[in-house]
Amino acid sequence: MTNSNGERSQLDFDTLGLPCPSLTDSHHAWRSKHRDFVDTQIAPHIDEWETRGACTDDLLVNAADAGILGAGFAPELGGAAGDFDLYHRMIAAEEMHRLGTGVVFADMATHWIALPPVLSHGAQELRDRVARPVLRGEKRIALGVTEPSGGSDVSNLRSTARRDGDHYIVDGEKTLISGGMRADYLLAAVRTGDAGMGGISMLLIDMHLQGVERHPVEGIAWYNANLAHIRLNEVWVPANALIGEENRGFAALARQFNVERFSGISATLAMSRVCLAEAIAWSRSRETFGAPLASRQVIRHKIVDMLRRIHAAQAYLFHCADRYERGEEPVADLALLKIQATTTLEHCAREAMQILAGAAWSGKSRIEHIDREARIFSLGGGTEELLEDRVARHV
């Protein structure tokens with residue numbers, strides 16, 4: 001852990017990551033901007049927000065004022081001007097998870113996946129009415145796909161919407177909905193046609209309509225208190241809230257899932273780097289039996305193994321992101337990468353906990369938070385078993 005001059009090298013979150021050859025000055029400026037926002041607006045409050053499982057409402061307004069919340073959206077709808085591509089989104093996920101927790105990102109980033117279909121396929125009146133307050137941080141939007149009966153089996157979802165004149169009457173349940181407890185709008189996947197993928201549509205549901213019920217998902221409130229279980233009991237939704245064509249909503253959902261997966265993968269690898277950086281710092285400062293912990297061969301091997309896994313997953317991520325930016329849809333590779341990234345996070349969290357030992361449970365270590373959240377990333381967005389089976393069908 002020394003450089004060519006024999007000096008001890010600085011091994012931190014930044015230096016432990018692979019340099020991405022596709023990043024431009026725009027990306028580097030975005031990282032600096034995002035990091036400053038995280039350090040000044042989030043870091044001082046993160047312990048409080050981690051305890052309550054949610055950030056305060058004014059954070060979204062502050063993010064909008066800083067040009068972060070509206071990044072990637074058209075200025076005429078209240079978005080922030082400037083280039084915004086997949087790498088900008090990946091950087092945002094990295095910087096948000098540099099603190100070792102996903103609680104704020106789960107609150108702030110739901111509009112990045114739920115709003116684009118509304119803007120691409122919704123009526124102009126709907127776009128104006130919904131996008132502007134969301135991008136100002138005054139209202140919230142969430143994506144409602146997962147159901148208690150199906151999980152990742154989206155093609156067999158059971159929530160229904162039957163047409164009645166100028167309305168759809170919606171019945172069903174959604175669960176594990178990020179940001180659902182405080183969402184003003186829910187972009188919901190519903191069945192309007194026959195069984196299978198061909199009968200799915202998207203409706204933008206006003207969460208204040210009669211018949212909407214929601215409560216926190218019990219058991220994992222420590223992760224995000226805004227994670228919701230939503231019941232839709234004969235909710236009358238105006239027909240002009242249909243997003244896209246009836247019975248053709250699955251394709252748009254699949255594309256959003258791919259974009260979301262890039263964010264999740266970036267987040268997992270960012271937290272893996274946090275684990276590694278914390279483990280290195282502790283092993284250098286901690287003395288056992290008269291020598292630094294880092295002098296023990298078994299500890300050095302653990303650290304090198306963590307670094308190897310992180311770099312391999314990062315290289316794979318850059319490869320997939322480059323293909324996506326060129327217009328490809330690397331579905332099978334993205335599924336494999338998701339598995340690679342989440343197993344890397346679980347491994348790094350475990351090894352960092354081993355290296356820090358009792359210090360990891362002091363209440364002051366980011367590793368403790370990461371170790372608790374690692375399983376969330378492994379299950380959300382498709383389990384290993386489901387993704388491996390999907391890859392098998394592709395190949």
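1. F84 is partly exposed, its relative accessible area being 22%; the classes are buried under 20% relative accessible area, exposed over 50% and partly exposed in between, with a 1.4 Å probe and protein chains only. The model is predicted: local features need pLDDT of at least 70, side-chain atom pairs count only at pLDDT 80 or more, and totals for chains, interfaces and linings use all residues. Residues are numbered from 1 along each chain as its sequence is written, and side-chain values use heavy atoms, with hydrogens and water left out.

2. The count of aromatic pairs is 3; rings of Phe, Tyr and Trp (its six-membered ring) pair if their centres lie within 6.5 Å, with planes under 30 degrees apart stacked, over 60 edge-to-face and the rest tilted. One of them joins W30 and F84 edge-to-face, at 5.6 Å centre to centre and 90° between the planes. Because W30 belongs to helix α1 (residues 25-42) and F84 to the loop between α3 (58-65) and α4 (86-97), this pair ties together parts 54 residues apart in sequence; helices (H or I, at least four residues) and strands (E, at least two) are DSSP runs, numbered from the N terminus. W30 is buried, at 7% relative accessible area. W30, F84 and W112 make up one aromatic cluster.

3. F262 is buried, with a relative accessible area of 0%, and Y324 also counts as buried, at 10%. Their ring centres are 5.4 Å apart and their planes stand at 65°, so this pair is edge-to-face. F262 lies in helix α8 (residues 250-285) and Y324 in helix α9 (residues 297-325), so the pair links parts 62 residues apart in sequence.

4. R191, in strand β4 (residues 185-191), is buried yet has no salt bridge, and D194, the nearest side chain of opposite charge, is 7.6 Å away. A salt bridge requires a side-chain nitrogen of Lys or Arg within 4 Å of a carboxyl oxygen of Asp or Glu. A polar atom of the R191 side chain does lie 2.6 Å from the backbone oxygen of D194, and the side chain also reaches the backbone oxygen of G196 at 2.9 Å.

5. N156 is in the loop between β1 (141-144) and β2 (160-164) and is partly exposed, at 43% relative accessible area.

Definitions and conventions. Lys and Arg count as positive and Asp and Glu as negative; His and the chain ends are not counted. A polar contact is a pair of N or O atoms within 3.5 Å; within protein, one must be able to donate a hydrogen and the other to accept it, and residues adjacent in sequence count only if both atoms are side-chain atoms.
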